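I wanted a quick look through this model before writing anything longer. These are my notes, in the order I looked things up.

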Amino acid sequence: MAHGTHEPTPQKTDSWSASLDPETAARSSLSEVDWGFPDRRSHSEIEGVHPYPAKFIAEIPRALINCLPLPPHSGVLDPFCGSGSSLVESQRLGIPAVGVDLNPIACLMSRVKTSACPTDIEQLAARIVASSETASDGEIPEIPNLDHWFQPNVQVEINKIARSIATSPSEARDALKLALSSIIVRVSNQESDTRYAAVQKDIDPSAVPTLFLRAVNRINAALQNRPYPLTSVDVIENDILKVEPSMIGRPIGLVVTSPPYPNAYEYWLYHKYRMWWLGYDPLKVKADEIGARAHFFKKNHHTAEDFARQMRQTLKLLGNVLVKGGFASFVVGRSKIHGKIYDNSEIITDEAAPLGFTPFFVTERELSANRKSFNLSHANIKTETVLVLRKEVE
Ligand SMILES: C[S@@+](CC[C@H](N)C(=O)[O-])C[C@H]1O[C@@H](n2cnc3c(N)ncnc32)[C@H](O)[C@@H]1O
């Protein structure tokens with residue numbers, strides 16, 4: 001293991017693999033992992049601070065980081081970092097990391113989960129709630145179809161808290177926004193996080209401040225209970241296709257990612273009203289989101305070739321920032337586009353070859369039944385591929 005602060009894995013202490021050269025040892029460690037992680041019982045506090053569709057279970061990035069050697073002074077990059085699972089695992093293992101995502105809720109989660117816990121956040125949240133009790137109703141922001149998704153009295157309560165957060169001390173603002181974001185679906189008319197349908201719920205508007213305070217307590221506890229120092233993590237909120245190598249800001253020894261792929265999950269839709277309430281623009285996210293279903297059901301719709309082009313461009317960036325001999329790992333499933341099944345790991349492998357990446361390790365993992373979203377029923381995503389490519393040494 002090249003990186004001084006890596007945690008040893010059982011494989012690493014095995015005397016047989018310890019006697020192998022680093023490449024053979026890495027391959028041997030990767031093949032010894034049970035990628036279904038049958039021993040996982042529940043998520044950790046930090047994984048549970050906010051929902052996110054199709055997120056890694058922590059064990060996946062942890063295994064990849066532990067099994068693959070990382071040159072000294074290099075970091076981990078996740079170009080589609082989502083809720084920040086690989087960033088948290090890198091940080092937990094003492095390795096600096098960089099994450100990119102165009103979704104502002106993803107970036108909010110990634111930042112909060114890898115930053116210091118804001119001081120006195122619970123007292124701050126209590127003051128926000130107390131002041132909202134006496135605040136005027138205020139003007140509700142222009143949000144499409146708001147009355148369909150939120151009771152008018154609930155809108156007033158959310159708006160008061162959102163306005164108060166906007167003027168709170170900057171070091172606490174992200175964590176407070178994340179707390180509010182985490183309760184939005186619960187206080188909306190949306191049936192559940194995974195069912196995008198409006199139902200009558202008769203919500204007591206006092207649930208908004210109560211759930212907000214509870215969310216702040218949960219986030220505060222998760223951040224306080226991290227038993228490791230906070231190694232540097234940078235989160236870049238941008239479309240990966242617009243990111244230049246210089247923006248990554250450090251040499252990368254390992255890429256750990258799960259890319260979006262055609263016609264599977266819709267991250268922008270999942271977080272649409274969270275974004276509206278926090279002042280972000282979900283329609284901009286929808287326009288640039290790779291794989292969003294909306295791009296596959298319009299005139300001149302996207303095809304698998306569009307996905308190949310997007311991956312080619314992403315892989316070019318990865319090739320530019322990865323040190324020679326560095327590894328790029330992808331966890332990716334299949335897509336169904338207009339009735340035809342595409343193997344996205346094959347698309348990535350083919351696009352990566354001319355850029356000097358060679359296949360290093362590949363295996364299939366079962367997708368657990370609890371990893372589903374409200375739009376998956378049409379697609380055949382029962383297993384996914386763990387693919388590790390290596391950037392050629394010469
Ligand atoms: C499979 S999810 C990643 C989940 C992540 N591994 C986790 O554990 O939370 C794919 C991510 O790609 C992001 N994404 C989609 N299109 C993008 C683009 N053009 N630029 C950057 N990120 C994008 C989505 O917002 C989503 O968060």
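Which residue does glutamate 351 form a salt bridge with, and how far apart are the closest N and O atoms? I looked it up: the partner is arginine 312, and the closest N and O atoms are 2.7 Å apart. A reminder to myself that this is a predicted model.

Entry 1: I checked where the two ends sit. Then I looked at accessibility. Glutamate 351 comes out at 16%, and since buried means under 20%, it counts as buried. Arginine 312 has a relative accessible area of 29%, so I put it down as partly exposed.

**Entry 2: asparagine 344.** While I was in helix 17 I also looked at asparagine 344, which is found there. Its relative accessibility is 0%, so it counts as buried. I listed what it touches, leaving out residues up to four places away in sequence: Tyr261, Pro262, Phe307, Val332, Gly333, Arg334 and Ser335.

**Entry 3: other salt bridges.** I ran the search over the whole structure and got 18 salt bridges. I followed up a few.

Arginine 365 and glutamate 384 meet through their side chains at 2.5 Å, N to O. This pair links distant parts of the chain, with arginine 365 in strand 10 (residues 357-366) and glutamate 384 in strand 11 (residues 383-391), 19 residues apart. Buried or exposed? I checked both ends for that. Arginine 365 is buried with a relative accessible area of 6%, and glutamate 384 is buried at 0%.

Aspartate 288 pairs with lysine 242, and here the closest N and O atoms are 3.4 Å apart. Aspartate 288 is in helix 15 (residues 282-288), whereas lysine 242 is in the loop between strand 5 (233-237) and helix 12 (245-248), 46 residues away. Aspartate 288 is partly exposed at 22%, and lysine 242 is partly exposed at 46%. I then found that this pair belongs to a network of salt bridges linking Asp239, Lys242, Lys284 and Asp288.

**Entry 4: the two domains.** Domain 1 is made of 36-115 + 230-265 + 286-391, and domain 2 is 121-225. The contact takes 15 residues from domain 1 and 16 residues from domain 2. Taken over C-alpha atoms, the domain centres are 30 Å apart. I noted a buried area between them of about 1,300 Å², with carbon and sulfur atoms giving 68% of it.

How many salt bridges are there between domain 1 and domain 2? I count 1 salt bridge there. For polar contacts across the interface, the rule finds 4 residue pairs, both residues at pLDDT 80 or more.

I also looked at the salt bridge between arginine 111 and aspartate 174, whose side chains meet at 2.8 Å, N to O.

**Entry 5: helix 6.** I found 10 of its 11 residues buried, so the helix is largely enclosed by the rest of the structure. The buried ones are Pro104, Ile105, Ala106, Cys107, Leu108, Met109, Ser110, Val112, Lys113 and Thr114. At the start of the helix, a side-chain oxygen of asparagine 103 reaches to within 2.9 Å of the backbone nitrogen of isoleucine 105.

What is serine 110 in contact with, leaving aside its neighbours within four places in sequence? I get Cys81, Gly82, Ser83, Gly84, Leu87 and Val235.

**Entry 6: the annotation.** Last, I checked the record. The unreviewed UniProt entry carries the annotation "domain: DNA methylase N-4/N-6" over residues 35-106. In the model, the end C-alpha atoms of residues 35-106 lie 25 Å apart, and the span is 28% helix and 12% strand.

Terms used
Residues are numbered from 1 along each chain as its sequence is written. This is a predicted model: local features need pLDDT of at least 70, side-chain atom pairs count only at pLDDT 80 or more; totals for chains, interfaces and linings use all residues. Side-chain values use heavy atoms; hydrogens and water are left out. UniProt positions are given in the numbering used here, feature names are shortened, and annotations may be inferred rather than shown by experiment. Helices (H or I, at least four residues) and strands (E, at least two) are DSSP runs, numbered from the N terminus. Contact means heavy atoms within 4.5 Å. Domain bounds come from an automatic or database domain assignment. Buried area is the accessible area (1.4 Å probe) that two parts lose on being put together, summed over both. A salt bridge is a side-chain nitrogen of Lys or Arg within 4 Å of a carboxyl oxygen of Asp or Glu. A polar contact is a pair of N or O atoms within 3.5 Å; within protein, one must be able to donate a hydrogen and the other to accept it, and residues adjacent in sequence count only if both atoms are side-chain atoms. Buried means under 20% relative accessible area, exposed over 50%, partly exposed in between (1.4 Å probe, protein chains only).
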